[in-house]
Amino acid sequence: MTDRQIQIVIDSFWPLLKAGLMYTLPLALASFVLGLIVAVLTALARTSGIRILDFIAQFYIWIIRGTPLLVQLFIIFYGLPTVGIILPPFVAALIGFTLSVGAYGSEIVRAAIQSIPKGQWEAAYSIGMTRGQALKRVILPQAARVSVPPLSNSFISLVKDTSLASSITYIEMFRQSQQIVARTYEALVLYTEAAVIYLMFTSVLFILQGWLEKRLSRFSAQ
């Protein structure tokens with residue numbers, strides 16, 4: 001690397017890190033929390049035994065899982081204005097990522113619910129619980145522990161996927177790197193630096209995931 005490139009890396013590190021901390025991670029976290037709510041509701045609809053709810057949930061999952069996330073973001077941000085719905089970049093990205101997390105997460109939650117032995121349902125019913133009470137007090141707490149590893153992986157993937165928000169002008173970390181590249185013409189250096197910062201974020205999340213899984217496995221063993 002030349003002295004100029006080294007200086008560019010030093011000068012751009014804080015702006016990129018700041019964009020990641022202030023825009024990338026908050027977008028990922030907000031999308032994941034909202035998407036998790038959608039995922040649970042969708043999974044409950046899939047396992048409710050009510051045909052219309054099951055059909056609506058399956059249709060939603062089919063649409064979201066069957067189309068590229070980038071295309072969905074373009075429809076929300078660039079397509080909706082043609083029918084009079086104009087959304088800020090953050091809101092458009094939040095909606096797009098929430099729907100994506102909801103669709104993929106719902107299958108994780110549904111599988112976790114179905115993995116709970118039927119004896120747990122029967123035991124809850126035997127002491128007079130309704131289906132809703134059994135879900136809330138017995139089934140969902142156990143399903144939550146089962147869901148943690150795959151949902152953790154989904155969140156880590158989501159942090160990386162937020163880079164797609166740059167395509168709808170949301171100024172997260174990757175968009176920030178694009179703007180610096182436009183001024184310096186050092187694409188290789190800056191995009192590599194952005195990749196390293198993403199790697200820093202995901203490495204911390206991998207460590208937290210491992211710690212959480214150990215805590216849960218210890219709790220389950222007690």
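## Annotated regions

UniProt, in an unreviewed entry, lists residues 21–209 as "domain: ABC transmembrane type-1"; such annotations may be inferred rather than shown by experiment. This is a predicted model, where local features need pLDDT of at least 70, side-chain atom pairs count only at pLDDT 80 or more, and totals for chains, interfaces and linings use all residues. Residues are numbered from 1 along each chain as its sequence is written, and side-chain values use heavy atoms, with hydrogens and water left out.

The span 21–209 is 81% helix and 0% strand, and its end C-alpha atoms lie 19 Å apart. Helices here are DSSP runs of H or I with at least four residues, strands are E runs of at least two, and both are numbered from the N terminus. The unreviewed UniProt entry also places "transmembrane region" at residues 20–45, 57–80, 86–105 and 188–212. Among them, residues 20–45 are 100% helix, with end C-alpha atoms 35 Å apart, while residues 86–105 are 85% helix, with end C-alpha atoms 28 Å apart.

## Helix α3 against helix α4

Let's turn to the packing. Helix α3 (residues 69–79) meets helix α4 (residues 89–115) at an angle of about 140°, and their axes are 9 Å apart. Axes are lines fitted to C-alpha atoms over the stretch in contact, and angles run from 0 to 180 degrees between N-to-C directions. The pair is therefore oblique, the class left over once angles under 35 degrees count as roughly parallel, over 145 as roughly antiparallel and 65 to 115 as roughly perpendicular.

On the α3 side, L69, Q72, L73, I76 and F77 make contact with P89, A92, A93, I95, G96, F97 and S100 of α4, contact meaning heavy atoms within 4.5 Å. These contact residues comprise 9 nonpolar, 3 polar and no charged; Ala, Val, Leu, Ile, Met, Phe, Trp, Tyr, Cys and Pro count as nonpolar, Asp, Glu, Lys and Arg as charged, and the others, Gly among them, as polar.

## Helix α4 against helix α6

Helix α4 also packs on helix α6 (residues 131–161), with axes that come within 8 Å and cross at roughly 150°. That angle makes α4 roughly antiparallel to α6.

From α4, the contact includes F97, V101, G105 and I108, and from α6 it includes I139, L140, A143 and V146. Its residues divide into 13 nonpolar, 4 polar and 1 charged.

## A residue in helix α8

T202 belongs to helix α8 (residues 187–221). T202 is buried, at 6% relative accessible area (buried is under 20%, exposed over 50%, partly exposed in between, with a 1.4 Å probe and protein chains only). Leaving aside residues up to four places away in sequence, T202 touches I156 and K160.
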